[in-house]
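Here are my notes on this one, point by point. Have the model open while you read.

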Amino acid sequence: MNKITSSMTGNVWKILVNVGDQVEIGQEVVILESMKMEIPIESEISGKVSEIKVKEGDFVNEGDVLITIE
Amino acid sequence: MSWQPEVDELRRREKLAYQMGGKENVERHRSNGKLPVRERIQRLLDKDTFHEIGAIAGSATYQNGKLVDFEPTNVIIGTGKINGRKVVVSADDFTVRGGAGDLTSMEKQIYSELMAYELKLPMVRLVDGTGGGGSVTSTEDSGYPHVPVNPGWDYVVNNIGRVPVVAACLGSVAGLGAARVAASHFSVMVEGISQLFTAGPLIVKYGIGEDLTKEELGGVEVHRSSGVINNIVKSEDEAFEQIKTFLSYLPNNVWELPPVIKTEDDSNRKEEELISAIPRNRRKPFKIRPILQMVFDKGSIFEMGRHYGGDTVTGFARLNGYPVGFLANDPYVRGGGLSVESCHKIERFVDLCQTFHLPIVNFVDQPGVSIGLAAEKQGLIKHAVRAISAIYQATIPMVEIILRRKYGVGGAGMSNAHRLRQRYAWPSADWGSLPLEGGIQVAYRRKLESSENPQALLEKLVSKYESFRSPFLTAEAFGLFGIEEIIDPRETRPLLCDWVEDAYSLLPQQLGPSTHSMRP
């Protein structure tokens, strides 16, 4: 199981995938918002989305797990 | 009458020394995916330029007065050329006692550092094993426990302010070896064969109870973003390539100018894509590396430390053949705000350019020092102040191209505003002391609190300040808080190619050691 973590402190602005979706390396999966900028988070591995641990609007710290991939 | 027999004996001893740790040890070394040390030196240096010193130093075994066996010292030193320029090389031989040190290996290490120091030549360390570090067995060998001494470290430390020092971690490197890798301007590690740690898994397990493999404790995944190693490569040959590339931007020592090369790239090249490189939507980030590629000489960018403090991009490049250092921000990483790591990276990088007299180009999209509780707990403002001090202490020419944001102490600190301010703003530039979000709430707090309709008032205030948000108004002002020039982004390369010539004409007067000597 692999985790996609937040690269920064901020808010979850948009979640771009659903549980069960197939994602590829480099695909944008979440967009975070900080300092009024929309920063996309890319997946570093390919696989199937097994769990989405946050919802839109959540505050996250750097390192928090956003999504797990199988 | 002839001394030929002695010369024959010399050749015989050299041959024994060239066998390193012996056939079995060398084969085992190769089967672990590692090159034997003498091959490393051959691949690093220009053909036939290695002048070895002390090849026949080591432990000899005699029988009936005749030499029957010989174990060479496990440090190989000498000089050689890299792309035609002389360097000093010190390379560890892992096939002999795993690189563990003895008196002769220490002497060779000291000698190599002293050579680099007095001959004013770059120092290249190919580190493997304990890099000459101690072993508990030295107590048994000499009959008393040794007080530890880091050999030659007066030269190791001083060389950092005099000559380029580069290190490659080419095996499982611990202790003194790890320190010799870290005490450099530039270091590389090789995926799969390199690990680096203060102490290895056994010491860690019996010392603090943590049970990890070599790879888990100090492999490339650990050091990609730890700050000890600048770049991770996939093979030893790539490590040698990167060492050569790093050195190609720098002079042999601080008394010489950086080497200017001829380039085919047109200094007047104006890339059309630059006019739309920055999104009009302030919320969208942009990729900085393609922009850098459109401005600098084609193929001349050498990035260092990408994954350490990734919000800031540092590296060498060329403008019309002249080497420069560059700083830039990556808004994809934490919005580009300064972090502890990037503050350290900036301090070291600015000091590196200052030491070797490389002018700096700073591409600014800087929202400032990162904010929030996590940042406060790290004492981030203190680290930021150090980075800003490095910029203010630098005497080399610096130019700023403001791509987008320049906010706060961090944004201000990226240039010395009290020297000649060479700042060029793109039309997308946007600046201020405080961001409007929060800044308006702070300045108008009383009015907002006592207002009948705070939301409407806030919207009116935001709208008012948004209408001010134009670099043209700032250009009308000029002066300390103004901006000197707004430019068409496509003109950036011709502008910088012109600037760099002026910058280089100022360097000869600055040659010699920097006013403040840098630390690794």
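1. Starting with chain B: strand 2 (residues 58-63) and strand 3 (residues 66-72) of chain B pair in the antiparallel sense, with six bridges between them. Strands here are DSSP E runs of at least two residues and helices H or I runs of at least four, numbered from the N terminus; two strands pair if DSSP finds at least two bridges between them. B:Ala60 sits opposite B:Phe70 of strand 3. The hairpin these two strands form has two residues between the strands, and B:Asn64 takes a positive phi near 50° there.

2. Some housekeeping: this is a predicted model, where local features need pLDDT of at least 70 and side-chain atom pairs count only at pLDDT 80 or more, while totals for chains, interfaces and linings use all residues. Residues are numbered from 1 along each chain as its sequence is written, with chains lettered from A and ligands numbered from 1 in the order in which they are written.

3. Chain A has an open four-stranded sheet, order 5-4-2-7, with antiparallel pairing. Strand 5 (37-42) and strand 7 (59-60) of chain A are at the edges with a single partner strand each, so one side of each has no neighbour in the sheet. Strand 4 (residues 28-34) of chain A joins strand 5 of chain A through six antiparallel bridges, and A:Val30 faces A:Ile41 of strand 5.
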